[in-house]
Every structure is written in C-alpha cells, then in structure tokens.
Amino acid sequence: MALLDVRDLHTTFRTDDGLVKAVDGVSFTVEPGKTLGIVGESGSGKSVTCLTIMGLNDRRSASTSGQALFKGADLLAMPKNELRALRGNEISMIFQDPMTSLNPVHTIGRQLVEAVHLHQDVSRSSARSQSLDVLKAVGIPNAERRIDDYPHQFSGGMRQRVMIAMALINHPDLLIADEPTTALDVTTQAQILKLMDTLQKEYGSAIVMITHDLGVVAEIADDVVVMYGAQVVERATAEELFARPSMPYTWGLLGSLPRIDHDVERLAQIPGTPPSLLNPPSGCRFHPRCTYAMSICQSEQPPLASATGSETHLSRCHLDQATRLTEIKKLESGHFAEVT
Amino acid sequence: MTRYVIRRILWALVLFVVVTFVSYVIFFLIPADPVKLFAGRQATPEDMARAAAFYGLDQPFYVQYWKFLSRLVTHGVIGEKALGFSFVNRQWIASGVQSRAPVTASLVLGGAVMWMILAVPIGIVSALRPRSLIDRGATVFVLIGISAHPVFLALIFLYIFGYKLHMFPIGSYADFFNPPPGQAGGPLQWAWHMFLPWCTFAILFAALYVRMIRASVIETMNEDYVRTARAKGAPEWVVMRSHILRNALLPIVTMLGMDIALGLGGAVFTESVYSLPGLGQWAVQSLETFDLPVTMGVVVFATTAVLVVNVIVDVLYAVIDPRIKLA
Amino acid sequence: MSDDLLVVEGLKKHFPVTRGIIFQRQVAAVKAVDGVSFTVKRGETLGVVGESGCGKSTMARCIMRLIEPTAGSVVFDGREITGLSRHELRPIRREMMMVFQDPYASLNPRKRVGAIVGEALEVHKIGTATETKRRVQELLEIVGLNPEHYNRFPHEFSGGQRQRIGVARALAINPKLIVCDEPVSALDVSVQAQILNLLKDLQKEFGLTYVFIAHDLNVVRHISDRVLVMYLGHAVEVATRDELYHHPRHPYTGALLSAVPVPNPELARARQQILLEGDVPSPLNPPSGCWFHPRCPRHHPGVCDVREPQLVAAAGDHRVACHFPLERWPMNAAEMAAPAASASTGAGTATGAP
Amino acid sequence: MRKRLFVSVAALATGLSLLVAASFAGAATTAAGTAGKAGKTGGTLNVNLSATDFDFLDPSLSYASWSWQFTYLVNLKLLNFPDKPRPEGSQLVAEGADLPTISADGKTYIFTVKSGFKFNTGEVVTAQSFADGIDRTMNPKMQSPGAQDIFLGSVVGYADAVAGKTTHLSGVTVKGNVLTIKLSKADPAFLSKISLPFFSAIPKGMPINDKGEHTFASAGPYYIKSYDVGRQAIIERNPNYTGSRPHNLDRIVVTINTDLDQSFLQVKSGQADYDAGGLPPAQVASLAPLLGKQFFVDTQLETDYLALNTSAGRFFSDVSARKAANMAVDRPAMLRARGAFAGKRTDQVLPPGMAGFRDEKIYPIAGADVEKAKALWSKGGKITVYMGNRGAALIQAQVLQYNFKQIGIDTDIQLFTSAVLYSKAGTKGEAFDIASAAWGSDYPDASDFLDVLLNGQNIHATNNNNLAYFNQADINTALNNAAVLSGPARAKAYGDIDVQITSKYAPWVAYDNRNERSFFSSKVDPACYVFQPIYAKPDLASLCLK
C-alpha cells in the first residue's frame with residue numbers, strides 16, 4: 001500500500017477576481033521510504049497541492065475535493081484534531097525560505113521543544129535532549145551552545161538544517177519539502193540535499209520534494225511528477241523521465257535549462273507565459289505555448305495516459321507515439337534545442 | 001546597551017535645548033510683557049522697571065535662557081527652584097509639577113491600559129474574521145474614535161453619564177493618596193472619577209490601535225513561521241498565543257511607548273474638560289496667561305518623560321525582540 | 001583603440017562599521033570587495049559567479065560608480081573613471097548600463113513603460129519627443145515586446161516581460177557595456193531561457209559587451225566567454241569558460257562545480273560531490289592567509305592560513321589564487337583532500353604581480 | 001529610533017504651542033440688586049472657580065477681581081464698602097477704624113482703630129496691624145502691585161520704601177490706637193485707595209515673601225483655612241469676628257480650575273452652588289426663567305470701548321472721522337455679540353453708577369446713524385483694527401467691518417490674544433487705528449477712568465492705558481484741576497470732563513457697560529443675594545442657604 005495516495009485532488013480559491021483552480025485533478029502516490037519530486041514553474045500548483053494535503057490552506061477562501069489517503073485514512077475528510085495530531089508527527093513539512101520560517105522571537109530550542117511537546121507526553125528535559133540529538137544529527141556544530149540561540153543568529157543553511165531537525169524530530173513517515181533549497185547557495189544546497197538523503201536512509205521517511213529545479217529532482221527523486229497549469233502533465237520514475245521525457249512541456253523544461261554537461265548556442269525556449277488559473281485555456285492547457293499543437297489540442301484535454309508503454313510512465317499529450325520517439329531521439333543526440 | 005542609553009540621553013539633551021530655546025524665542029517674540037503681571041496694570045515706567053530688575057526680566061532673552069539652563073543644572077532638574085516660578089502666581093514650578101504629574105500620569109497610564117483592554121481583543125477578533133460583522137463594527141468604532149474630538153466626546157459622556165444618569169461625577173478629580181480636606185479620595189473614588197476621562201482619552205488611541213493590531217495580526221498570520229507552527233501540528237490557540245500575538249504585538253509595544261509620551265499632549269484637552277488638575281490643563285493656562293516658566297516647566301517635564309519612556313521602550317523592545325541589538 | 005573595454009585593477013570597497021556616541025568613528029570595515037582585478041574585452045561576456053555575500057553585486061555597483069569604490073582603478077574604454085566628477089561621468093554613463101535582478105522592484109510602478117525605457121534618452125537630452133517615442137517603440141520591438149504597449153504600466157506585464165523592459169531600458173542609448181546583476185535569478189526556467197536567448201541575440205546584433213553576474217553556474221556557463229569566480233571579496237579564479245568548467249584549478253571552483261545539480265539522474269548519482277563544510281565567513285572578520293582555507297578540503301596548515309595567495313597565471317590566460325591548485329578534473333573527494341606534493345611549490349609560492 | 005524621539009518631542013512642543021490663546025479681559029465694579037436680608041446661618045457653600053486659579057489670596061499680592069471677591073470675606077480694612085447693594089454698597093464706611101479726620105490741607109489723615117477686632121488666631125487688631133499691612137505691601141521684596149505709584153505714591157516716604165531703603169513707610173505713624181498717614185500732596189481719592197485690599201490689617205510677623213502666603217491669620221468675618229494651589233481653597237468663619245458684617249455661611253469650599261461647561265452642569269444639578277469663574281455664554285439665555293430666583297444680573301463699573309488712535313498722522317487724528325465712527329458703529333449689534341444679559345449700551349466713558357456720571361445721549365445708541373456719519377466723513381479711507389481673537393470679539397469684528405464699510409471706510413482687522421493686543425496697542429507709535437478694549441477701575445473714583453485712560457500726560461513709551469493716545473491740553477488741564485477737588489465738586493468736574501471729551505473730541509467709541517451674571521444652585525436662598533457694587537460680584541458673606 002502506498003504511504004500517500006492522492007486521488008483527483010481539486011483545490012479552488014475564491015478571490016476578488018473569481019475562482020482560481022489552483023489544483024485541478026491531481027493524483028499521485030508516494031511509496032514508503034521513497035522520494036517523489038514534484039516539478040513545475042511558479043503557479044503550477046505544486047505548493048498548493050502539498051498545503052492542501054497538510055490542511056494548511058486558508059479555510060475561508062479555499063475549497064477542496066478529492067482524496068489524500070495517508071496509510072489508508074483520508075486526510076481531507078479527517079476531523080481537524082486528528083489531522084493536527086498527524087501534522088508534525090507522522091507527516092511533517094519544511095518550507096522554502098529558512099529565513100522566515102522560524103519564529104524570530106523564540107530560541108530554536110524552544111521551537112524544537114514545542115514540536116516535541118505537541119506530540120509526545122515527555123518531560124522538558126527529555127524534550128530538550130531529543131532536540132539536542134536531532135540538532136546534532138542535522139549537523140549543527142556546537143549544538144549544546146547553539147540550541148539557545150535565536151534564528152537570526154544562524155545562517156540560511158543552518159536555519160534550513162534547523163527546519164529539517166524540527167520536521168524530523170518526531171520521526172515522521174512522510175516529509176514534505178517545499179522548495180527547501182531554492183533560497184540557498186549552490187554549495188549549501190548540495191549540503192542540504194546530502195543531509196536529506198542521509199537522514200532519509202536513517203529515519204526511513206518518505207519525501208515529497210517540491211522544486212522547480214530539474215537538477216535537484218535528478219539528484220534525489222525516485223519518482224517525478226511534472227505539473228503545469230494546476231494539473232499533472234507527466235508522471236514517471238526519475239530514470240524514465242530524464243531518459244524518455246514524453247510531452248512537449250517537459251521537453252521545453254529540459255531544453256530551456258542551460259546545462260553544465262551540454263553545449264548549445266541557443267536554449268530551447270518555451271514561448272509565451274504560464275496560463276492563468278483564473279481562466280485556463282481550453283483543451284490541453286499547454287497548447288497555446290506548444291509548437292506541436294494540433295487542432296484537437298485546443299478542444300480536447302488529453303488524458304493522463306501511459307506514454308511510452310511503461311505503466312509507471314504517464315503523460316498528458318495528444319501526440320502520437322512515433323512523433324514522441326523522434327523528438328526523444330533528438331533530445332538524446334543533443335540537438336534538443338532545435339525543437340523550437 | 002549602556003552606550004546606547006547614553007547616546008539616547010545625549011541626543012535628548014540636544015533636543016531638549018532646541019525645544020526650550022525655540023520656546024524661549026517664541027515667547028520673546030510675542031509682545032506680551034510679563035512685567036505687567038508683577039508691577040500691576042496701572043504701573044508707571046518706574047514701577048515696571050523696579051519689577052523687571054527684581055526678577056531679572058530686563059535682561060536680553062539669551063541671558064534669561066542661560067539662567068534658565070544653569071538653574072536646571074545648579075538646582076538639579078527636580079530641585080524645588082530648578083524650574084523657577086510662575087509669572088502669574090509666583091509658585092515654584094517644581095512643586096506644581098510634583099502635584100500635577102501624578103494626575104496626568106493616572107490619566108495617561110490608566111488611559112493606556114483602557115485603550116489596550118479595548119483594542120487588543122477587538123483588533124484580534126477583527127483580524128481573525130475580516131469582513132465579519134465584528135470587523136465592520138470595529139471599523140465604525142475606529143471611524144468614530146478617530147474623527148471625534150476628545151472635547152466633544154467628553155461633553156457627551158459628561159452630559160449623559162454624569163448629568164443625566166448620575167453614574168459618574170461631573171468633571172472633578174479624586175486623589176489616590178492624601179486628598180485635600182473635605183474631598184473624596186482613595187483608590188475607589190480615584191478610579192470612579194477617572195473612568196470617564198480614561199474612556200475619553202482612550203477612545204482615539206483605542207481606535208488607532210484596533211487598526212494597528214488588526215493589520216499587525218493579519219500580517220503576522222501570513223508569516224511563514226506561523227505556517228511552520230501549524231505544520232508542526234500546533235492547535236490554533238497555541239499558534240495564536242505563542243506565534244502570532246507575541247510577534248504581532250512587538251511593534252505595538254514601540255507604538256505604545258511613543259503614544260504614552262505623546263498622550264501627554266492629548267491629555268491637554270481631556271484634563272481641561274474634566275477639570276483634572278494635571279499638567280495639560282496647567283500648560284493650557286500658562287499659554288493663555290503667557291506664563292513662560294510654567295510652559296517651560298511642562299515642556300521640560302514632558303521632554304524628559306518622552307525621553308524616559310522612549311528609552312524604556314527601546315530597551316524593552318530589545319529585551320523582547322532578540323533580533324534587536326542596541327549598539 | 002585597445003582591445004580591452006573594461007580594465008579593473010585592485011578594486012576595493014570597504015563599508016565602514018562605525019561606533020560612537022555623537023561623533024562616529026570607524027572601528028572596523030566590511031571588506032565587501034577587497035582587491036579585484038580583471039579585464040573585459042570588447043564584445044565578450046565576462047561571467048561572475050560566487051555565493052551570496054561574495055561581493056559580486058557590490059563590485060558591479062563600483063564599476064558603474066553607483067557607489068564609490070574605496071580604492072583601485074576602473075578604466076572604461078581607455079578612460080579612468082574613478083575620481084571623475086558627476087559631471088565628467090555623464091557622457092560615460094551613456095555607455096555603461098545596468099540590468100537588475102528584481103524585475104518587480106527595479107521598475108517605477110507609477111511610470112509608463114515608454115517613460116521608463118525613454119528615461120535615459122531624456123536624461124541625456126537625445127532627440128525630440130517624437131524621436132524618443134519612435135526609439136522606445138523600436139527598442140520594445142527589439143526585446144520582443146509589442147511596441148503598442150508603450151503606454152502600459154509595469155504591473156501589466158509578467159516577470160519575464162518586465163525583465164525585457166529592463167533590457168530595453170539598458171539598450172536605449174546604444175551602450176557599449178551592460179552590467180547584468182543576476183538578471184534571470186528571479187525568473188522561471190522557461191522565461192529564463194527567453195531572456196538568456198535575448199541577451200545573446202542582442203550581443204550579436206549590437207556588439208555588446210556584458211559583465212554577467214549570477215550565482216547559477218549553468219547560466220553563467222551558457223552565456224559567458226570568460227568566467228571570474230569570486231569568494232569573500234576576492235577573485236579566486238578567472239579563465240575562459242571551457243578552461244574553467246573543464247579544468248578548474250581552484251578547489252572552491254571545483255566544489256561549486258561538483259555541487260551543481262545535473263538534470264540527469266545517472267550522472268548526478270554517479271558524480272563524486274565535494275561538499276564544503278560550514279558557511280561563508282563574515283567579510284567583517286575574514287580569515288587569515290587564504291580566505292578560503294577554513295572550508296578548503298586541501299587546506300595545508302602553515303601555508304594556507306598564513307600566506308595570502310596571489311592571482312597568478314596557471315596556464316595561459318587561466319589565473320588562479322591558490323597555493324595548491326587542482327591538478328586535474330574531475331576529482332573525487334579523496335584526491336581533492338590530498339594535494340600533490342609538487343603543488344606546494346607551484347603557483348602558491350609564486351609572488352609578484354599577477 | 002532617534003527620528004522617532006525627535007518626532008514625539010516636536011509633536012509635543014507643537015501641541016503645546018498650538019494652544020496659545022488668551023483672555024485677559026478687563027475687570028471689575030457696580031449696580032443694583034435686591035437688598036440682602038439676614039438669612040439662615042450655617043452650612044457649606046460649594047463654589048467652583050472655572051478656568052482659573054486665584055492669583056493670590058495674600059492681601060499684599062492679590063490683584064485679580066475674582067480673588068478680591070474672596071479676600072473681601074477675610075480682610076479687615078480701615079474703611080470698607082459695606083455688604084450692601086448700590087447705592088450704600090458704593091459708599092465707604094468705617095470698618096477697622098472710625099472715619100478719619102482729615103487736615104485742612106488734605107495731607108494728613110488720622111485714623112482711630114476700633115477695639116474689639118481680633119484675628120482668627122485670637123491676636124488683637126491694633127493700629128500697628130494696619131501699618132504693618134501697608135509696610136509689607138510697599139516692601140520691594142514683596143514685589144506687590146499694591147506698590148504702584150498710583151495708589152500710595154502720594155504718601156510721605158513712598159520712594160524710599162519702594163526702593164528698599166527702609167522697611168517702613170515714614171509717612172505712616174502709629175501711636176496707641178491712632179494711625180496717622182501723611183501725604184506729600186493732597187489726594188482726594190486717597191480714602192478709596194487706602195481701602196484697597198493691599199492695605200488690610202495683617203497679623204504680627206507675617207512673612208515677607210514674594211510668592212505670597214497661602215494661609216494667614218485675618219480679622220475679617222472669614223479666614224483662609226487652607227489653600228492648595230491649583231486645587232482647592234477652604235474659607236471658614238472667623239470665630240473671633242465681632243464686627244457688623246454678615247457671615248451666614250460656616251464655610252466656603254472653592255474648587256479651582258474647573259471646566260466652565262461641566263461646572264454649569266454641576267450647579268444645575270446641585271453638585272456645586274456657584275461658579276465664580278463665570279457662565280458658558282451659550283447657556284445664559286436659557287437661564288432667563290430663573291432670573292431673580294437662581295440667576296442674577298447686575299451692572300459692573302466697567303466700560304467696553306473702541307480706542308480711536310488719535311496720534312498725529314493716523315486716520316483718527318481727524319476729529320470728524322472720530323465722530324463719524326461714533327455715529328457709524330451699531331452699538332446694539334456690538335452688545336448682542338456678547339450674548340444674553342451681557343450689559344447695557346452706552347456712548348460715554350464713565351459707567352453709570354460712577355459718581356459724576358450723567359447721561360447726555362451724545363451719539364446714537366439705538367443703532368448706527370449712517371446718514372449722519374456720512375455727513376461727517378465722506379472721504380472714505382482704510383483703517384487697521386486690533387481685536388481680540390476669541391468669542392464675542394470675532395462677531396464684533398464683522399459688525400465693525402460692516403459698519404465702516406457703510407460709510408466707505410475699509411477695515412483691516414487683526415486678531416490677537418488680549419494680552420498681546422494690550423501690549424501692542426499700548427506701545428506708542430504702533431500702527432493701528434482702532435483697538436478694542438475694556439476698563440474697570442481698581443478703586444471707585446472717576447479719576448481711575450479718565451486720568452488713567454485719557455490724560456495725555458500719562459502717555460509713556462510702552463504699556464500705555466491711554467490706547468487712544470489722546471492728548472488734549474484743555475482736557476489735561478481740566479483733569480489736573482479735577483484731581484484736587486473732593487466731594488460733589490469732584491464728581492461734577494469729572495462728569496463734565498466725560499461729556500466734554502465724548503462730545504467734543506470723541507477719542508473712543510464706547511459701546512457698552514458689562515453686566516455680572518451669576519447663577520446659583522437651588523440650595524442657595526435668593527432672599528440673601530446681595531450684589532456688592534464695588535467688587536462687582538455677588539457678596540458671599542451675605543449669602544445663605546435655604
């Protein structure tokens with residue numbers, strides 16, 4: 001059984017301009033101990049998906065449907081108290097900006113101890129020693145001394161370590177990481193990714209890693225979900241996705257990435273801008289920017305279907321198999337940039 | 001910290017000299033001669049010259065200003081003679097400040113407590129339920145509070161609660177300690193007499209604070225660390241108490257310090273209407289009668305109060321907000 | 001006319017840290033940029049990489065004379081520009097323009113796009129109102145925007161479009177040099193590609209010279225001809241792009257390269273990462289000797305923490321400031337930690353001007 | 001942070017300075033009322049003193065009209081004005097001493113001090129008590145306004161005493177119970193002057209203190225039991241008082257610095273009995289039904305006027321222009337601006353009730369006579385008018401603007417707080433044409449109007465009371481001649497001068513004589529109400545509770 005099974009998730013926000021369908025029929029699964037990468041550009045709905053699963057959307061403006069089964073129990077249908085008991089305990093979350101995600105007026109020790117006390121009935125000293133242990137585990141030097149420091153006394157990388165410590169302190173089965181390294185320098189990013197990898201092995205947690213960086217996904221993900229315009233457009237194992245990306249948006253993403261291991265004169269560029277979720281395009285959401293667009297693409301939304309014959313590899317595209325294979329070949333031969 | 005406090009005090013001294021000097025200059029520019037107060041209104045030039053010489057009012061203003069400053073130093077700011085004496089009734093200013101400052105302090109501090117008692121819950125509730133009935137009601141309250149002049153409010157309060165309903169006394173003061181013979185006094189009487197003034201004084205600030213607290217709480221609710229706290233599984237009341245309120249009220253503390261100091265200015269109206277024998281009422285009278293030493297005395301006292309409150313607030317702020325370092 | 005458009009020598013920017021009760025005295029300095037030298041040839045792109053806080057943005061602002069450098073010389077097109085008065089600087093300002101990181105913050109929200117792009121034309125009093133308008137529309141077309149959008153406000157545009165407006169503004173009076181300070185960091189990958197392509201196209205078309213500052217090594221590699229690596233206010237390595245990426249000499253460059261995520265799971269997992277320990281030290285209190293030594297896997301006690309390395313030639317145009325430069329690349333962590341003995345007598349001991 | 005501090009201090013200072021505003025209206029004196037009856041004795045009267053404090057209660061320093069209303073209760077004088085309405089109330093009678101014998105040359109006054117008066121401490125009042133009172137007021141270390149030359153400047157030794165060369169006025173001698181005062185030149189107004197509160201009996205050893213004594217032994221019907229500056233004064237009956245003045249109330253508690261409007265509500269609701277600080281102008285009309293029951297209106301010895309600047313070169317140096325102004329000003333409108341029961345219209349300098357006044361109906365007081373004014377002045381012109389910046393003055397400014405426009409004169413109205421107005425207009429050479437002013441005398445003698453306000457020989461460089469800068473040789477001579485007269489001749493002489501000045505020279509546009517308006521709680525027995533015409537206030541000594 002999957003640890004997390006998200007089925008046909010919809011999240012809609014009421015705004016002054018109208019209804020924004022921020023998540024529109026998203027489904028995926030996360031296996032225990034594995035890492036799922038969710039990639040997409042800003043506004044593709046990847047963060048909202050996770051906040052919805054965690055029940056952290058603003059209740060006044062968001063409405064949700066679908067299911068998010070965590071160990072078989074639907075998180076979306078669960079009473080608030082039960083969900084809260086899971087949050088920070090069996091499912092925890094870390095966020096993009098380590099500079100603002102810690103409360104500036106409490107010591108990090110206090111914030112860690114709070115996380116322990118919310119889910120464990122233990123003494124103060126025990127909670128503190130747990131906090132100290134986890135700080136050491138995430139590689140905070142001089143943890144004994146630094147536990148009583150305030151967040152502003154830490155660098156960005158160190159704060160993200162503290163955030164990870166706080167997320168892991170109750171040994172969660174699932175860790176949702178929302179762009180945990182985006183705000184960090186490349187060397188620090190490498191440290192943090194390495195740390196997450198190490199800790200995953202040690203604690204056996206599954207990870208959902210949200211990112212816009214395909215490189216990061218390639219580094220740590222077992223499975224990948226590509227999101228575009230509030231929908232999943234491609235789902236595959238990491239190997240499959242990078243070896244045989246099977247729809248034009250993914251091609252575009254890969255091609256527009258300047259790469260240290262490829263030389264191209266011009267980058268492939270996806271023309272235009274991401275779709276408005278207030279008023280999404282008809283048919284395939286990507287069709288206005290797609291160089292392969294056909295008339296069917298404007299009228300009919302392609303289903304998320306097996307792309308290359310593999311059961312684990314699904315994508316949303318009307319293109320026929322042959323065309324896709326030709327394009328994948330081009331990609332492999334390094335002429336990928338010419339798809340535009 | 002010490003260095004910071006010293007720097008603040010030095011700056012305050014500079015400001016103090018500027019403020020008092022400007023007051024002196026203005027006073028000497030106004031062609032109202034205090035000597036007449038001493039000599040009498042039918043005084044001949046000889047009578048006037050005698051009085052002027054006796055009180056040193058025949059000297060140029062910078063000499064008088066210098067004397068004012070040196071008196072402060074030689075007698076110590078709180079010494080009986082430090083602030084000189086009133087032109088009108090010749091009483092030592094320092095003893096006037098001593099008897100009047102507690103009245104103003106009870107008004108301002110009591111008012112501050114009152115406005116926080118009003119503003120904190122209303123502000124929080126309207127932040128939690130934006131556009132709800134309570135929020136809209138609060139907005140109306142804010143509009144009234146901001147647009148109503150304290151004098152107008154006081155007149156209405158006194159007419160309704162004092163004159164018509166006999167619930168509160170019509171404008172008088174009762175001392176907390178040692179009331180004058182035959183007058184009401186003691187904590188209960190004091191609070192009873194001060195209740196309407198507190199309300200009047202507090203309403204403007206309460207209105208402002210409802211807005212500020214609402215904005216601050218809404219802003220804080222959207223902070224990442226609040227989301228972090230929820231993600232940790234903290235119940236709403238823990239999130240509110242430990243992560244939203246403390247952070248949201250931090251800037252309010254600074255404002256509070258400043259407004260309490262500024263409140264000395266606002267006390268002017270309230271004290272006059274409610275016949276409270278405080279500094280504000282005194283300052284108004286001194287200005288009407290061109291009683292420079294009293295004006296100066298109140299300015300000196302108020303400046304000192306503003307300084308002290310500001311330093312206290314800054315230090316307090318540094319204590320409660322670990323990010324602030326006073327260098 | 002020299003081949004070098006921009007020659008920077010020993011550029012320093014120290015921000016004073018003051019203390020004092022009423023009279024402030026300087027007690028320390030944040031050495032944001034501490035003696036950087038490089039040249040930029042006409043028509044090339046010099047990429048500048050480094051982690052946040054390494055001083056790259058400060059350096060860019062010093063070159064532009066947006067802030068006054070503490071020391072050093074900046075020769076632009078054969079003319080020394082440090083020490084020039086505001087008035088003397090005016091004609092030079094026309095030839096150096098800047099594109100900023102944040103397309104949201106760098107455009108005045110109350111001005112129309114036409115006015116933003118045409119601002120430089122007006123400041124330098126070039127052309128009549130009609131001419132300005134025509135030129136602005138031309139510029140908008142060049143950067144791929146609809147010339148009809150002349151009258152719109154910045155908020156009506158997406159992030160990528162705003163960055164195009166920023167580029168159009170920089171292009172307005174045919175500058176020779178454009179300093180781009182993280183121009184694509186705030187953009188999504190698909191839009192980032194659009195802007196990078198645009199910058200490249202413009203360079204070809206107008207023969208522009210770029211100083212391109214970024215923290216993303218992929219982006220820098222894509223656009224640069226030569227690359228300068230900065231660490232803690234110093235230039236630690238400068239080389240042509242291929243030299244630098246294929247054969248980095250400085251351990252820091254090596255660590256940076258090894259940390260770049262590669263969108264290829266097989267390569268990514270096979271690669272030996274060289275993880276740096278800890279954070280970048282404070283420029284207020286930089287380490288002794290080599291600035292990098294506390295984090296350097298090749299740190300050699302007695303040498304690296306004592307002597308400050310000079311930026312010297314390692315091979316041809318490839319210059320590096322290291323006592324124990326890398327012998328080859330790629331390298332695994334173990335090799336990295338064990339510098340060949342011969343290296344200790346290599347570039348590290350060489351003294352004298354680079 | 002620094003900026004914030006600065007802002008708060010600056011805001012505070014601005015707040016204070018914005019409040020600069022003042023009223024320094026002229027004071028005091030007389031009119032009719034019902035005769036006081038001997039009422040019920042005992043009880044406490046709660047008095048408010050709105051918007052002000054006593055200046056002093058100390059007899060040597062007290063100078064404000066509202067203070068005199070209370071010191072009248074406590075001071076024992078050689079002669080005094082009795083607790084009676086006009087006309088008796090304005091006639092000096094023997095109090096602490098018998099009526100004096102005056103030498104033929106008018107330079108020596110011999111008082112025999114009565115026995116039987118005691119201070120509340122039990123100390124016996126002697127001739128020395130009065131001599132001490134005079135010496136204390138003259139002592140320069142007291143800096144008393146009672147030492148002004150105009151009061152006892154004519155007593156032998158005055159100059160030495162006020163210069164501090166001696167602590168005793170050599171013209172005042174005591175022998176047993178006889179007090180002899182020698183003048184260097186005759187002063188027919190001397191008895192009025194020696195009856196000022198400054199020269200009351202004081203106890204032995206009363207300290208010389210320029211800050212004033214708050215409580216002190218006194219020999220009048222009452223004494224000051226306590227005085228808490230800015231807060232409260234308690235005045236109680238003098239247990240040792242054996243004199244004939246009434247003293248019905250046991251005690252009077254004065255609450256100081258109350259708010260006029262709140263105080264009015266307090267009196268209405270019976271929380272207080274009387275406000276010595278006045279009434280809210282807007283409320284006065286509503287009191288009409290209570291007239292004679294709780295509300296009383298009496299004329300003061302006071303004149304409101306517009307001083308026309310007669311200095312050479314100014315617009316009103318031309319007497320026709322001055323007369324035209326007297327025709328043009330709408331007196332009823334000017335009075336109406338002051339509210340209900342505010343006063344009585346006039347066109348002359350002396351107030352009715354001042355000895356010597358006779359009503360000659362020189363200028364129209366029923367309203368403006370534009371035709372006559374135009375006949376007198378057709379050249380138009382432009383004048384600068386100094387007015388007060390509060391209350392009635394603002395309305396009056398509009399009235400004047402309209403009235404002068406009617407006869408083709410443009411007005412430049414400048415508003416000042418009254419202290420500033422008097423100071424500016426009192427400076428010789430100031431460029432104004434009209435100054436709005438008021439005068440009530442310090443002592444009830446026509447000379448304290450005419451000599452002070454219109455004798456050209458009293459013009460100084462600054463602090464002038466002669467705001468018209470009126471300097472007419474024949475009038476100066478007439479005034480100097482009148483000053484040495486006494487009795488009915490004196491009154492007639494001043495009355496003539498008043499008429500002559502007004503009809504011939506018109507240096508003023510006098511327009512009203514103000515009323516004192518008093519409102520009491522229902523607890524106060526209206527049968528006891530007495531208006532003391534000289535102090536121009538209700539007599540608190542006569543007052544009684546129901």
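This is a short walk through a predicted model, from the contact between two of its chains to a few local features.

The size of an interface is often given as the accessible area lost when the parts come together. Here, chain B and chain D bury about 6200 Å² between them, and 59% of that area lies on carbon and sulfur atoms. Three residues deserve a look on the chain B side: B:Arg41, B:Gln42 and B:Arg90 supply 13% of the area that chain B buries against chain D, more than any other three residues. Counted by residues, 71 from chain B are in contact with 74 from chain D.

Polar interactions also link these two chains. There are 21 residue pairs in polar contact between chain B and chain D, counting pairs with both residues at pLDDT 80 or more. Which parts of chain B give two or more residues to the side that touches chain D? The elements are helices H1 (2-29), H2 (35-39), H3 (45-55), H7, H10 (236-273), H11 (279-288) and H12 (292-320) of chain B. Of these, H10(B) gives the most, with 10 residues. The salt bridges between chain B and chain D number 3. B:Arg41 forms a salt bridge with D:Asp442, where the closest N and O atoms are 2.8 Å apart.

Helix H7 of chain B, residues 150-164, is also where you will find B:Ile156. This isoleucine, B:Ile156, is partly exposed, with a relative accessible area of 34%. B:Ile156 belongs to a nonpolar surface patch of about 610 Å², made together with B:Phe152, B:Leu155, B:Tyr159, B:Ile160, B:Leu165 and B:Met167. As background for reading the helix, residues three or four places apart point the same way because an α-helix has 3.6 residues a turn.

Now turn to chain D and one of its aspartates. D:Asp273 sits in the loop between helix H7 (260-269) and strand S11 (274-275) of chain D. Is D:Asp273 buried or exposed? D:Asp273 has a relative accessible area of 1%, so it counts as buried. Its side chain makes a polar contact of 2.7 Å with the side chain of D:Ser521. Leaving out residues up to four places away in sequence, D:Asp273 touches several others, including D:Thr44, D:Leu45, D:Asn46, D:Phe519 and D:Phe520.

Our last stop is chain A. Helix H10 of chain A, residues 248-255, is largely enclosed by the rest of the structure, because 8 of its 8 residues are buried. Among them are A:Tyr249, A:Trp251, A:Leu253 and A:Leu254.

Technical notes: Residues numbered from 1 in each chain as written. Chains lettered and ligands numbered in written order. Predicted model: local features only at pLDDT ≥ 70, side-chain atom pairs only at ≥ 80, totals over all residues. Heavy atoms only, no water. Helix = DSSP H or I, 4+ residues; strand = E, 2+ residues; numbered from the N terminus. Buried < 20%, exposed > 50% of the residue type's maximum accessible area, 1.4 Å probe, protein only. Polar contact = N/O pair within 3.5 Å; in protein donor to acceptor, adjacent residues only side chain to side chain. Contact = heavy atoms within 4.5 Å. Patch = residues over 30% accessible without salt bridge, like charges linked within 9 Å, V, L, I, M, F, W, Y side chains within 5 Å. Areas by Shrake-Rupley, 256 points an atom, 1.4 Å probe, with all protein chains shown as cover. Salt bridge = Lys/Arg side-chain N within 4 Å of Asp/Glu carboxyl O. Buried area = accessible area lost by both parts, 1.4 Å probe.
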